[in-house]
Amino acid sequence: MSDFTLVDPKGWQFDLHSVYSAYIGYFQINNVPWYERSWGHLFSSFEDFLAFSWPVIVVTDTWTGKAHIVTRLNSIGAFLKMIKTRFGETLPQAPNILEVTPFETSTRHLRNVSDYTTYKKLHSTLPAAILSALKQRIRNGEPKAIKELWDKRDKTFLAVDFEWSERNEKSCLEWGYAAVRCGHLNDLGHWPPVPDTNYRKGHFIMQEYADKVVNKYCPTYPWHYAFGDSQVMSKTKLPQVIQAVISSLASPDSETVPNNLVLVAHGAHGDLARMEEMKIKLPHNMLIIDLSIFERVLFNRGMRHPMLDPKTGLPRQPGTTLSLENLLRSLTYPAPALNGSTPTTAPQEPPKPIPVTLPNVTMHNSGNDAFLCLFALQMLLEPEGTKVPSITNLNVKRAMAQAQAQVAATVQAQQTGMMGLAGMGMGMIPPMSMPVFAATMGPGPGPTPRLSVYDLSTEFGQMKMDPNPSPNSRRSPGDRLSPGDRLSPGRPNGSGSGSRSSRRVSGFDWGM
């Protein structure tokens with residue numbers, strides 16, 4: 001036990017105790033009086049069997065997740081060769097030896113077991129090995145492990161989401177969470193969980209950045225939380241709130257037993273990094289589900305219906321990852337007809353999806369993202385019987401009703417050829433018959449909605465192109481002004497005074 005040697009787990013696949021058990025069974029079935037043979041003392045007990053000094057490692061099985069103390073086939077051959085050399089009898093390899101497919105791929109610690117005390121000490125490490133492998137399997141998005149975790153109905157699933165400033169990653173703009181206590185609900189006979197009533201949820205806005213810091217490339221919408229009321233708080237109190245939420249749901253830390261709390265996130269790496277920066281203490285035995293990885297593994301294994309890639313419009317290829325918004329979209333539509341093509345990775349007919357109509361809410365709000373992340377996980381694991389959440393924030397509900405009315409008017413205008421109405425200053429939201437998620441609409445307290453994520457006209461003005469430009473006119477945007485032009489009060493681009501302010505027609509001061 002003192003020598004520390006690392007070995008590749010490939011080829012270590014025979015459970016050591018099952019080797020001894022298989023030979024005892026072989027002797028019984030074939031009426032071999034092993035107890036009368038000269039080598040019989042080697043099988044008198046498992047402890048005597050270990051006296052051979054077996055090289056072993058500890059691994060977990062890929063399929064069952066159970067931990068085993070395993071040895072190699074050539075070690076069994078060496079044991080049989082020793083019997084032939086010392087006692088002159090040949091024993092065949094016993095059938096029905098338990099074979100294990102190691103889940104681990106990294107090198108493992110090699111040990112030599114020659115007595116029962118050493119074996120017992122090694123056997124006591126199996127629960128820790130199971131926990132370590134389970135954490136990795138869950139993190140890798142293994143469907144069987146995650147499904148078993150959900151089906152036990154005894155865990156608490158906590159979905160979290162952060163919104164950070166694009167200019168400074170250390171500035172947290174929002175934090176949202178949603179949790180469901182499956183063990184408590186199952187004890188009360190409420191299953192499956194109902195998002196509206198069984199999800200504990202919250203949304204926190206940092207008062208230092210509210211209405212002051214707005215991301216350009218991926219805008220955030222802190223005032224558009226659809227599933228409850230937002231709380232405005234100081235950024236210095238956020239770590240304390242997050243720690244309290246986690247502590248209220250987690251069980252004690254352990255080296256052998258998984259925690260009752262399971263963390264859920266879409267792109268968990270970023271959220272974990274932020275919590276580490278905030279010095280949030282997470283239980284070491286906590287399991288973590290990355291929803292993006294889990295969904296990708298499901299699709300790669302043919303366990304999701306065929307769909308179109310939202311980026312290319314072509315059939316989705318294995319290995320691609322969906323954003324949270326596109327993942328939610330994929331829950332709303334049945335399997336599309338892909339011109340007879342079938343996914344190359346589907347070993348069997350994939351299950352038919354259950355189309356749902358989701359509420360039209362604003363994404364990139366941390367509260368909405370966390371709530372819908374947990375709902376998406378439940379839909380992927382138990383779609384039948386799961387109810388769709390509804391909007392509970394009255395301001396958001398009122399804004400969505402106004403948006404729907406405006407979209408209906410715009411569609412009608414487009415159908416009648418009145419294209420001018422389509423240029424209104426409100427963000428376009430598809431009608432509810434095509435359920436997607438708004439990215440620009442929300443209630444009144446929030447910032448003014450913009451036409452697009454990054455509208456150059458708000459910073460540089462509209463670009464006016466002359467059909468016959470001169471070489472000098474290409475250097476400045478806006479209408480060309482000649483020395484004789486004048487701007488009149490009633491003409492936005494006509495003649496008038498040549499004052500300095502009147503020349504800022506396109507956002508620039510020409511300096512004339």
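Reply: A residue is called buried when its relative accessible area is under 20%, and exposed when that area is over 50%. Please note that the model is predicted.

Me: Is Thr-220 buried or exposed, then?
Reply: Thr-220 has a relative accessible area of 5%. The limit for a buried residue is under 20%, so Thr-220 is buried.

Me: Where does Thr-220 lie, and which residues is it in contact with, leaving aside neighbours within four places in sequence?
Reply: Thr-220 belongs to the loop between β8 and β9. With neighbours within four places in sequence set aside, Thr-220 is in contact with Glu-163, Leu-173, Glu-174, Asn-215 and His-364.

Me: What about Ser-234, where is that?
Reply: Ser-234 is placed in the loop between β9 and α9, the latter being residues 238-249. Its relative accessibility is 17%, so Ser-234 counts as buried.

Me: What does the side chain of Ser-234 join in a polar contact?
Reply: The partner is the side chain of Thr-236, and the polar contact is 2.9 Å. Apart from neighbours within four places in sequence, Ser-234 is in contact with Met-206, Gln-207 and Glu-208.

Me: Let us turn to the sheets. In what order do the strands of the 6-stranded one run?
Reply: The order is β9-β8-β7-β6-β10-β11, in an open sheet with mixed pairing. At its edges are β9 (231-233) and β11 (287-290), each of which pairs on one side only. On average, neighbouring strands of this sheet are turned by 25° against each other, direction ignored.

Me: Which helix packs on that sheet?
Reply: Helix α13, residues 366-381, packs on the sheet. This helix touches β6 (156-164), β7, β8, β10 (261-265) and β11, and its direction makes about 145° with that of β6.

Me: In what sense do β7 and β8 pair?
Reply: β7 (residues 172-181) and β8 (residues 200-206) pair in the antiparallel sense, over 6 bridges. Within this pair, Ala-178 stands opposite Lys-201 in β8.

Me: And what is the strand order in the sheet of 5 strands?
Reply: That open sheet has the order β1-β5-β3-β4-β2, and the pairing is antiparallel. The edge positions are taken by β1 (5-7) and β2 (12-15); each has a single partner strand, so one side of each has no neighbour in the sheet. The twist from one strand to the next averages 55°.

Me: Over how many bridges do β3 and β5 pair?
Reply: β3 (residues 54-60) and β5 (residues 108-113) pair over 3 bridges, in the antiparallel sense. Trp-54 has Val-113 as its bridge partner in β5.

Me: Which strands does helix α1 lie across?
Reply: Helix α1 (residues 16-29) lies across β2, β3 and β4 (67-72), and runs at about 50° to β2. Gly-25 is located in helix α1, and with a relative accessibility of 26% it counts as partly exposed. The C-alpha atoms of Gly-25 and Pro-95 are 9.0 Å apart in space, while the two residues are 70 residues apart in sequence.

Me: New topic: at what angle do α5 and α6 cross?
Reply: The axes of α5 (residues 126-139) and α6 (residues 143-151) cross at roughly 105° and come within 8 Å. That angle makes α5 roughly perpendicular to α6.

Me: Which residues meet there?
Reply: Leu-134, Arg-137 and Ile-138 in α5 meet Ala-145, Ile-146 and Leu-149 in α6. The residues of this contact divide into 5 nonpolar, no polar and 1 charged.

Me: What is the phi of Asn-96?
Reply: Asn-96 is not a glycine either, and has a positive phi of about 65°. Asn-96 lies in the loop between α3 (73-87) and β5, and at 71% relative accessibility it counts as exposed.

Me: Which residues does a cis peptide bond join?
Reply: A cis peptide bond joins Trp-191 and Pro-192, with omega about -5°. Pro-192 is found in the loop between α7 (182-187) and α8 (195-198).

Terms used: Residues numbered from 1 in each chain as written. Predicted model: local features only at pLDDT ≥ 70, side-chain atom pairs only at ≥ 80, totals over all residues. Heavy atoms only, no water. Pairing = 2+ DSSP bridges. Helix = DSSP H or I, 4+ residues; strand = E, 2+ residues; numbered from the N terminus. Axes fitted to C-alpha atoms, helices over the stretch in contact; angles between N-to-C directions. Contact = heavy atoms within 4.5 Å. Buried < 20%, exposed > 50% of the residue type's maximum accessible area, 1.4 Å probe, protein only. Polar contact = N/O pair within 3.5 Å; in protein donor to acceptor, adjacent residues only side chain to side chain. Parallel < 35°, antiparallel > 145°, perpendicular 65-115°, else oblique. Nonpolar A, V, L, I, M, F, W, Y, C, P; charged D, E, K, R; others polar.
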